[in-house]
Amino acid sequence: MTVQTPDPTLDPVPGAGPAAQPVPPLLENWHYFTRSRGAVVGLGVFMALVAIAVLAPWIAPHDPAMQYRDALLVPPAWTAGGREAFLFGTDAVGRDILSRMMHGARFSLLIGLVVVTIALASGIIVGLVAGYVGGRTDALIMRLMDIILAFPSLLLALVLVAILGPGLFNAMLAIALVLQPHFARLTRGAVLAEKSREYVTAASVAGAGHLRLMFFTILPNCLGPLIVQATLSFSSAILDAAALGFLGMGAQPPTPEWGTMLAEAREFISSAWWVVTMPGLAILATVLSINLIGDGLRDTLDPKLKRS
Amino acid sequence: MLRFALSRLLLVVPTFVGITLIAFLFIRILPGDPVLLMAGERGVSPERHAELMAQFGFDKPMWRQYVDYIGQLLQGNFGHSFSTKRPVLEEFMARFPATLELALCAIVLATVLGVAAGILAAVKRGSWIDQATMGTALVGYSMPIFWWALLLIILFSTSLGWTPVSGRIALTHYFPSVTGFMLVDSLLSGRPGAFASAVHHLVLPTIVLATIPLAVIARQTRSAMLEVLGEVYMMTARSKGLSPSRVIGLHALRNALIPVVTTIGLQVSVLMGGAILTETIFSWPGIGKWMIDSISRRDYQVVQGGLLLIAAMVMLVNLTVDLLYGLVNPRVRHV
């Protein structure tokens with residue numbers, strides 16, 4: 001994929017006359033991104049989630065760990081028996097579910113951010129080296145990635161957590177390792193495609209060193225697919241971390257992590273539906289909004305799909 | 001074709017060796033003494049400790065341990081469960097049919113519905129049908145399936161009482177296992193109501209496990225169909241007066257299905273990951289639940305053996321799909 005250069009044959013941006021200045025790439029991408037209604041909705045929901053996560057300690061109506069002994073398993077406020085103080089009801093030990101969900105947003109977004117950062121950084125380095133150096137190094141690295149990809153990701157993450165010990169940080173490490181090969185493969189493929197292009201040769205002839213060639217000449221031109229993959233990995237990281245939490249191998253109680261909350265709620269499945277429904281709804285909304293953004297980004301950044 | 005098959009096989013060998021290496025290293029990189037880890041909180045006497053160290057070969061040099069490990073694998077010895085004392089391979093084989101039955105039902109459901117939804121969305125591109133199908137597919141793709149399972153249980157088991165919550169068949173039906181597939185065995189048993197009970201138990205786990213593959217297949221089918229529908233040969237087919245159903249069903253579908261087959265093959269790994277969650281929630285006695293139970297019981301020989309067997313199986317399926325792909329698409333054979 002090449003740098004987004006304004007293409008005169010593209011649909012003009014509203015307000016741009018026939019002799020107008022070329023549209024800046026970022027603005028042009030934004031224009032395409034906003035053409036997808038889903039992507040804009042996804043972005044809106046995601047921004048709201050970020051705001052909730054950042055402001056959780058101030059906007060949450062209760063302390064997420066506070067146990068109201070007189071309010072065990074109170075149903076949501078709009079149902080019979082609900083109380084106004086607890087909008088989404090309380091759990092088995094009297095904690096406010098809405099407050100726990102708000103604080104849970106912090107964990108989920110943090111998980112996504114940390115996992116994608118680790119996986120992206122290591123995947124880019126590994127992929128750049130493999131594609132740029134080539135030969136035996138390339139073969140060795142790619143076989144290693146194949147081996148990681150041969151395991152079902154959740155199973156490998158589980159086993160890694162079994163080695164490292166259950167906990168949120170270890171779960172994040174394990175998921176990052178499982179997601180990393182996708183970035184390495186993508187980077188390597190893009191590097192192989194770009195390496196023989198003339199601008200790289202030109203930079204090399206002009207005296208650019210290996211590191212400069214790898215990171216400053218080639219890498220910026222491989223970013224499109226990597227951004228899309230990063231978005232999709234963000235949502236799978238949140239899903240996998242919640243699954244690990246649900247299986248008791250991720251964040252440990254009483255952490256208000258959504259997957260862990262679901263695990264605690266399982267035994268009340270027949271008596272208190274709200275304890276089970278609410279945290280899962282939060283996971284679904286988060287993952288869905290990120291996937292909507294990912295779809296929008298893919299359509300924006302993939303020139304093949306652009307005008308189809 | 002033979003050369004293509006051989007080159008694919010050769011490519012798989014190093015990956016397979018790597019998988020055995022990871023499974024081998026798994027027990028050895030666990031922090032702490034391997035024997036004490038396996039013994040758990042009960043602890044062992046020093047004599048028994050030395051005996052076990054020698055029995056598992058932990059006192060030998062690392063490379064020697066690996067060679068021994070490979071030797072054992074080649075003889076079909078995947079270790080013994082620490083809690084049941086039975087061979088890991090035997091335990092795996094006893095549980096595998098349950099997972100296979102569930103996974104097969106899920107992939108059939110996902111393929112049939114997914115391909116149909118994908119075709120419909122592509123043909124009616126831009127209509128409300130397209131938008132509704134793809135919207136639903138994106139929700140399915142984003143679904144935390146462990147929560148989805150709980151929701152379905154709340155609706156169909158707790159509220160409506162239509163489906164059971166756990167197991168493969170009602171406990172009142174007891175008959176010997178012949179094939180390991182409950183649907184077949186219950187029919188063979190001839191007991192009235194047995195088959196219906198097996199189907200009842202299978203419905204919810206199948207839906208849960210099929211959800212993500214279904215969404216992926218529907219999305220993939222739609223985009224493959226859209227690509228094919230824009231080809232010149234489609235215009236030819238239409239302009240020579242073929243009926244729309246023939247154009248779509250024959251000319252478009254056959255070409256669009258090639259990438260879809262690969263997608264379906266890739267879902268095996270997704271299914272195995274999903275089986276861990278689905279089987280845990282529905283107490284389905286398959287290998288997913290077996291792995292989770294073994295991890296929480298710290299039965300590391302089972303985890304090691306299971307990890308290897310599952311990865312090998314996923315690889316084998318992917319290799320088969322690769323070869324099938326070469327069979328239906330001659331172009332890739334010569335790359």
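A salt bridge here is a side-chain nitrogen of Lys or Arg within 4 Å of a carboxyl oxygen of Asp or Glu. That rule picks out R219(B) and D295(A), whose side chains meet with N and O 3.1 Å apart.

A word on the ground rules: this is a predicted model, where local features need pLDDT of at least 70 and side-chain atom pairs count only at pLDDT 80 or more, while totals for chains, interfaces and linings use all residues. Residues are numbered from 1 along each chain as its sequence is written, chains are lettered from A in the order in which they are written, and side-chain values use heavy atoms, with hydrogens and water left out.

**Where the chains meet**

Counting contacts as heavy atoms within 4.5 Å, chain B puts in 43 residues and chain A 37 residues. The size of an interface is often given as the accessible area lost when the parts come together. Here, the area buried between chain B and chain A is about 3,600 Å² (accessible area, with a 1.4 Å probe, that two parts lose on being put together, summed over both). Carbon and sulfur atoms give 81% of it. On the chain B side, F146(B), W147(B) and L150(B) lose the most area to chain A, together 17% of what that side buries.

As for charged pairing, there is 1 salt bridge between chain B and chain A. The two chains also have 4 residue pairs in polar contact, both residues at pLDDT 80 or more. A polar contact is a pair of N or O atoms within 3.5 Å; within protein, one must be able to donate a hydrogen and the other to accept it, and residues adjacent in sequence count only if both atoms are side-chain atoms.

Helices supply much of the story, taken as DSSP runs (H or I, at least four residues; strands are E, at least two) numbered from the N terminus. Among the elements giving two or more residues to the chain B side are α1 (2–29), α7 (145–159) and α13 (300–328) of chain B. The largest share, 8 residues, comes from α1(B).

**Chain B on its own**

Chain B has 13 helices and 0 strands. Its C-alpha atoms fill a box of roughly 85 × 55 × 35 Å along the principal axes.

**Salt bridges inside chain A**

Over all chains, the salt bridge count comes to 17.

| Pair | N to O distance |
|---|---|
| D91(A) and R95(A) | 3.0 Å |
| R100(A) and E264(A) | 3.9 Å |
| D146(A) and R185(A) | 2.5 Å |

R100(A) sits in helix α3 (residues 97–133) of chain A and E264(A) in helix α10 (residues 258–265) of chain A, so this pair ties together parts 164 residues apart in sequence. R100(A) is buried at 1% relative accessible area, whereas E264(A) is partly exposed at 28%.

D146(A) in helix α4 (residues 135–150) of chain A pairs with R185(A) in helix α6 (residues 168–195) of chain A, 39 residues apart. D146(A) is buried, at 16% relative accessible area, and R185(A) is partly exposed at 40%. Shared partners join D91(A), R95(A), R100(A) and E264(A) into one salt-bridge network. Both D91(A) and R95(A) are buried.

Definitions and conventions:
Buried < 20%, exposed > 50% of the residue type's maximum accessible area, 1.4 Å probe, protein only.
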